[in-house]
Amino acid sequence: MPHVSDFQIHINGQQTFFVSEEILSTYSARLKKIIKQERRGTKIKNSGIKIDDFPGGPDGFELVSRFCYNNGRITLTVSNVCLLHCSAIFLGMTENLAPRNLLQKTNTFLDGLFEWSLKDVLACLKSCHSFFDYADSSGLLDKLITALLTKIAQNSDVSNLIASSPSSSPETASGFRLSSNTPKSIRPSSSSRAWWFDDVAVLPPNIIAKLLQILGAYGPKNNSLILTRFLLHYLKISAQRKPGNSKCELGRLADTAVHGVILAGKKVFSCRALFWVLWIVSGFGISKEYKVGLERLIGGMIDEATLDDLLVSGHDRGVYDVNLVIRMLRVFVNGEGVSVQRLKKAGKLVDKYLGEISPDQNLKISKFLGVAESLPDCARDCFDAAYRAIDVYLEAHPNLSLEQRARLCRCLNYEKLSLEACKELTKNPKIPARFAIQALISHNSKITPTQPKLVVYQIPHSLFHSCSDMAWYKTGGAEEEESTSLNLQRMQWRVVELEKLCRQMKGQVSRMVKHNVLTTIAPTHGRAFPRLC
């Protein structure tokens with residue numbers, strides 16, 4: 001005779017089940033008690049109850065119902081045994097109520113756990129994600145993770161991974177102690193991965209965190225190189241997935257990984273590997289403490305970086321992160337025992353970086369200067385690359401004021417510009433005139449009498465389209481007197497032409513003198529003569 005579905009059970013606010021009170025009460029002590037209390041309180045035949053915290057939600061309750069309606073029979077698998085086990089505990093489905101009840105069946109199935117394959121253990125662990133708290137409080141997770149670690153130890157050289165109890169010190173519990181014999185570098189390649197990395201990476205973040213806690217290697221307790229490598233591999237894979245509700249836990253796993261990286265330091269991680277680590281973990285919102293620590297570690301060896309390293313350092317913030325580079329350069333410059341050779345190596349890298357970011361129309365002048373002025377003068381033997389980066393930046397930002405252009409030009413050391421760069425600079429209409437003259441003076445002060453000098457005559461700003469328009473004359477320091485005289489005659493004819501224009505300047509002359517625009521014009525008895533260098 002079929003049983004009547006005379007009772008409603010609302011599971012976790014997601015689904016309502018119409019069930020037989022008699023059948024479920026036969027196997028579940030908790031449901032029997034709840035239904036009895038509900039009947040007594042409402043005295044309504046077709047009443048119902050709400051259960052808001054059932055393990056696994058409607059899926060879990062449906063499996064239990066099948067067990068009950070099938071006279072206590074159900075096929076147990078590695079995928080459903082954990083859910084049924086936690087549901088049986090929740091509902092009180094023990095031997096006191098019915099022989100061979102659900103809890104006994106799941107316990108018997110789980111007794112063979114250590115004989116399972118690694119694949120089955122992982123599948124069973126993975127199934128616990130949706131009812132993690134129940135699996136954890138029942139001790140099921142500890143049992144499953146111990147079985148997992150045993151499987152790993154049986155097939156690798158990490159047999160001491162679970163040799164110590166969780167209460168042991170972090171060093172022995174993790175089974176790995178960093179030493180001077182650790183590898184020279186770690187890179188995002190197969191050579192740095194253990195065979196089990198890909199297998200264990202299928203587990204959700206909360207299960208991974210529980211595994212680390214059992215090993216005594218979670219958060220600041222992590223001093224295991226192998227687990228740090230695994231976490232980096234895991235985070236790399238997780239970055240390609242949708243984090244969902246696991247973003248917070250992934251952030252704590254990232255903190256754990258970075259702690260291990262900082263502890264190992266540059267003896268284990270190359271500069272490129274550290275940039276890769278930074279790129280991976282920055283997407284998970286690591287804590288400020290670990291972010292600063294990682295940046296300091298990289299900053300101390302930034303002279304070993306490449307341009308590609310600097311350009312990929314920004315995660316989801318565009319092509320590059322200028323603020324990050326500036327912070328790292330400050331760490332490098334303020335470090336102890338930084339040699340001039342290392343500074344020069346960093347200087348070449350900075351100039352390449354400037355050349356790469358200078359075309360960016362959204363790059364603020366303060367950020368550009370922050371990079372350009374981050375190193376001391378001795379870091380550059382030549383400022384040609386820095387000048388060319390400034391030139392490109394000026395081209396990409398045509399609306400800069402005179403003062404802004406002057407700020408850019410002040411970061412150059414004109415004594416370290418080549419002759420070719422000096423020529424380009426003085427002909428560049430985007431460069432303020434006084435800096436073009438400064439470049440010429442600095443260059444001419446270095447050359448010998450037998451080398452050609454560059455001579456400039458500055459034409460008044462108000463009379464021409466640009467304050468950088470120049471009249472160029474080339475003379476030789478050791479040329480014959482006749483050639484020098486000929487050049488002077490040519491310049492004097494030019495002066496005669498300019499005298500007519502100078503009469504029109506009137507009050508403009510005093511104002512322009514204040515702005516140092518006429519620094520190369522020497523007034524003598526009402527006349528202006530060109531300055532010879």
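1. Contact here means heavy atoms within 4.5 Å. With that in hand, take V281. Leaving aside neighbours within four places in sequence, V281 is in contact with L232, L235, A254, V258, I286 and L294. The model is predicted.

2. Now the overall make-up. The protein chain has 25 helices and seven strands. Of its 533 residues, 48% count as buried. Consider the contacts in the protein chain with a separation of 6 or more: residues 24 or more positions apart account for 70% of them.

3. V281 also belongs to the largest nonpolar core, which has 148 residues. I9, L148, L253 and V281 touch the most other members of this core. Helix α14, residues 271–281, gives the most to the core, with nine residues. As background, nonpolar side chains in soluble globular proteins tend to be buried together.

4. Which residues of helix α5 are buried? Helix α5 spans residues 102–110, and its buried residues are L102, L103, K105, T106 and L110. Seen down the axis of α5, these residues fall within an arc of 160°, so they line one face of the helix.

5. What do the buried residues of α5 pack against? Their partners are α3 (57–69), α4 (81–91) and α8 (140–154).

6. Two of those partners, α3 and α4, also pack with each other. Their axes are 10 Å apart, and the angle is about 80°. That makes α3 roughly perpendicular to α4, because angles of 65 to 115 degrees count as roughly perpendicular. On the α3 side, the residues that meet α4 are D59, G60, L63 and V64. On the α4 side, they are L83, L84, S87 and L91.

7. Next, the cysteines. How many disulfides are there? The count comes to zero. C422 is in no disulfide; the nearest cysteine sulfur, that of C382, is 9.6 Å away.

8. Are C68 and C422 buried or exposed? C68 is buried, with a relative accessible area of 3%. C422 counts as buried too, at 0% relative accessibility. Both calls follow because buried means under 20% relative accessible area.

Terms used: Residues are numbered from 1 along each chain as its sequence is written. Side-chain values use heavy atoms; hydrogens and water are left out. A nonpolar core is a set of buried Ala, Val, Leu, Ile, Met, Phe, Trp, Tyr and Cys residues joined through side-chain atoms within 4.5 Å. Buried means under 20% relative accessible area, exposed over 50%, partly exposed in between (1.4 Å probe, protein chains only). Helices (H or I, at least four residues) and strands (E, at least two) are DSSP runs, numbered from the N terminus. The arc is that of the directions from the helix axis to the C-beta atoms. A disulfide is a pair of cysteine sulfur atoms within 2.5 Å. Axes are lines fitted to C-alpha atoms, for helices over the stretch in contact, and angles run from 0 to 180 degrees between N-to-C directions. Angles under 35 degrees count as roughly parallel, over 145 as roughly antiparallel, 65 to 115 as roughly perpendicular and the rest as oblique.
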